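Please keep the sequence and the model at hand while reading the numbered points.

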Amino acid sequence: MRLNCSKFLFVFICSAFLFTSCTTSQVASNSSPTSTPTQTSSESSTAIGSETASPETTTVSENGSESIPGFKELPRLEGKATVVMIVKGSPITIDVDGTNAPITAGNFVDLVQRGVYNGLMFHRVERDPSPFVVQGGDPQSKDPKVPVTDLGTGSFIDPKTNKIRYIPLEIKPLGSEKPLYSKTFKDAAVTQQPVLKHKRGAVAMARSQMPDSASSQFYFALSDLPPLDGSYAVFGYVREGMDVVDKIQQGDRIDSAKVTQGAENLK
């Protein structure tokens with residue numbers, strides 16, 4: 001369904017600010033529409049559980065895959081996986097696509113297996129004037145003492161390195177054998193459509209204005225959002241439970257998230 005002018009303008013404005021509700025420096029979280037498609041916060045000192053940390057950060061900034069520092073150490077999903085997320089007692093079944101977004105999907109599945117998302121809050125819900133996104137995944141939200149207004153800047157800190165784990169922007173153009181890394185389609189002058197589009201039910205990574213600033217924050221697309229295609233990394237779609245997503249309110253929490261199929265594809 002095509003966006004009318006008013007809806008397009010709303011999405012454009014939201015994508016400009018939504019993913020940047022954090023700091024300019026990559027501090028602790030990656031936001032995407034606020035911390036989601038475009039409005040992702042940067043990652044500053046972040047918290048896992050209630051334990052805050054101010055780790056040394058490392059980020060990926062080069063284009064290409066094997067040339068990206070730390071690329072080989074990032075988890076990747078070779079194939080498909082299924083994640084069931086429980087919110088307020090109701091399941092949301094997500095098909096995770098490692099075939100077309102191996103690093104982004106692998107990062108998400110790895111965080112699910114680590115239990116990172118259990119208990120985290122959906123801190124951003126944008127439905128007016130048009131359905132936009134529901135965003136969560138800020139590790140700081142596990143601490144009930146952290147106000148909602150301070151969320152959107154947290155990221156996953158790898159306990160092995162005590163550093164924030166960033167992943168590169170990863171979007172695969174139609175007809176391409178491999179994804180494009182670290183650049184938006186606009187910056188790379190790519191004219192094709194992405195394989196994984198922002199249709200209703202898409203699940204994508206939030207980030208700050210820096211392309212390689214995604215970490216743990218993700219969002220659900222509440223409607224078709226073509227203006228975000230080529231700028232934010234979609235890695236899966238809601239197969240069942242979109243009615244549950246539609247009912248999520250700011251402050252609702254993820255009861256649990258589990259990989260129910262395809263865990264063996266995580267490398």
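1. In which loop is the place of Ser213? In this predicted model, Ser213 belongs to the loop between strand E11 (202–205) and strand E12 (218–221). Its relative accessible area is 0%. Since buried means under 20% relative accessible area, Ser213 is therefore classed as buried.

2. The side chain of Ser213 takes part in contacts that the reader may wish to locate. The side chains of Ser213 and Ser208 are joined by a polar contact of 2.7 Å.

3. Strands of a sheet pair through backbone hydrogen bonds, either parallel or antiparallel. Here, eight strands form an open sheet in the order E5-E6-E12-E11-E13-E4-E3-E14, and the pairing is antiparallel. Strand E5 (122–126) and strand E14 (254–261) stand at the edges; each has a single partner strand, so one side of each is left without a neighbour in the sheet. On average, neighbouring strands of this sheet are turned by 25 degrees against each other, direction ignored.

4. Strand E5 runs antiparallel to strand E6 (residues 133–136), and four bridges join the two. Val125 has Val134 in E6 as its bridge partner. Glu126 also lies in strand E5 and is partly exposed, with a relative accessible area of 23%. The C-alpha atoms of Glu126 and Gln249 are separated by 9.5 Å, although these residues are 123 residues apart along the chain.

5. The loop between E5 and E6 contains Pro129. The peptide bond leading from Asp128 to Pro129 is cis, with omega near 5 degrees.

6. Strand E13 (residues 234–240) includes Gly236. Gly236 counts as buried, at 0% relative accessibility. Gly236 and Gly98 are 138 residues apart in sequence, yet their C-alpha atoms are 8.5 Å apart in space.

7. Lys88 is not a glycine, but it has a positive phi of about 55 degrees. Lys88 is placed in the loop between strand E3 (80–87) and strand E4 (90–97), and its 59% relative accessibility counts as exposed. Ala189, likewise not a glycine, has a positive phi of about 60 degrees. Ala189 is found in the loop between strand E10 (180–181) and E11 and is exposed, with a relative accessible area of 62%.

8. How many cavities of 30 Å³ or more does a search of the whole structure find? The search finds two. The largest cavity holds about 50 Å³ of space. Its lining includes Asn100, Ala101, Lys172, Val195 and Leu196, and the lining residues divide into seven nonpolar, one polar and two charged.

9. The second largest cavity has a volume of about 40 Å³. Among the residues that line it are Thr104, Pro168, Met205, Arg207 and Ala214. The lining of the second largest cavity consists of seven nonpolar residues, one polar and two charged.

Notes: Residues are numbered from 1 along each chain as its sequence is written. This is a predicted model: local features need pLDDT of at least 70, side-chain atom pairs count only at pLDDT 80 or more; totals for chains, interfaces and linings use all residues. Side-chain values use heavy atoms; hydrogens and water are left out. Two strands pair if DSSP finds at least two bridges between them. Axes are lines fitted to C-alpha atoms, for helices over the stretch in contact, and angles run from 0 to 180 degrees between N-to-C directions. On a 1 Å grid over the protein atoms alone, a cavity is a set of points where a 1.4 Å probe fits but cannot get out, and a pocket is an open set with protein on both sides within 12 Å along at least five of seven lines; lining residues have an atom within 4 Å of a point. Grid points are joined across faces, edges and corners, and a volume is the space filled by probe spheres set on the points. Ala, Val, Leu, Ile, Met, Phe, Trp, Tyr, Cys and Pro count as nonpolar, Asp, Glu, Lys and Arg as charged, and the others, Gly among them, as polar. Buried means under 20% relative accessible area, exposed over 50%, partly exposed in between (1.4 Å probe, protein chains only). A polar contact is a pair of N or O atoms within 3.5 Å; within protein, one must be able to donate a hydrogen and the other to accept it, and residues adjacent in sequence count only if both atoms are side-chain atoms.
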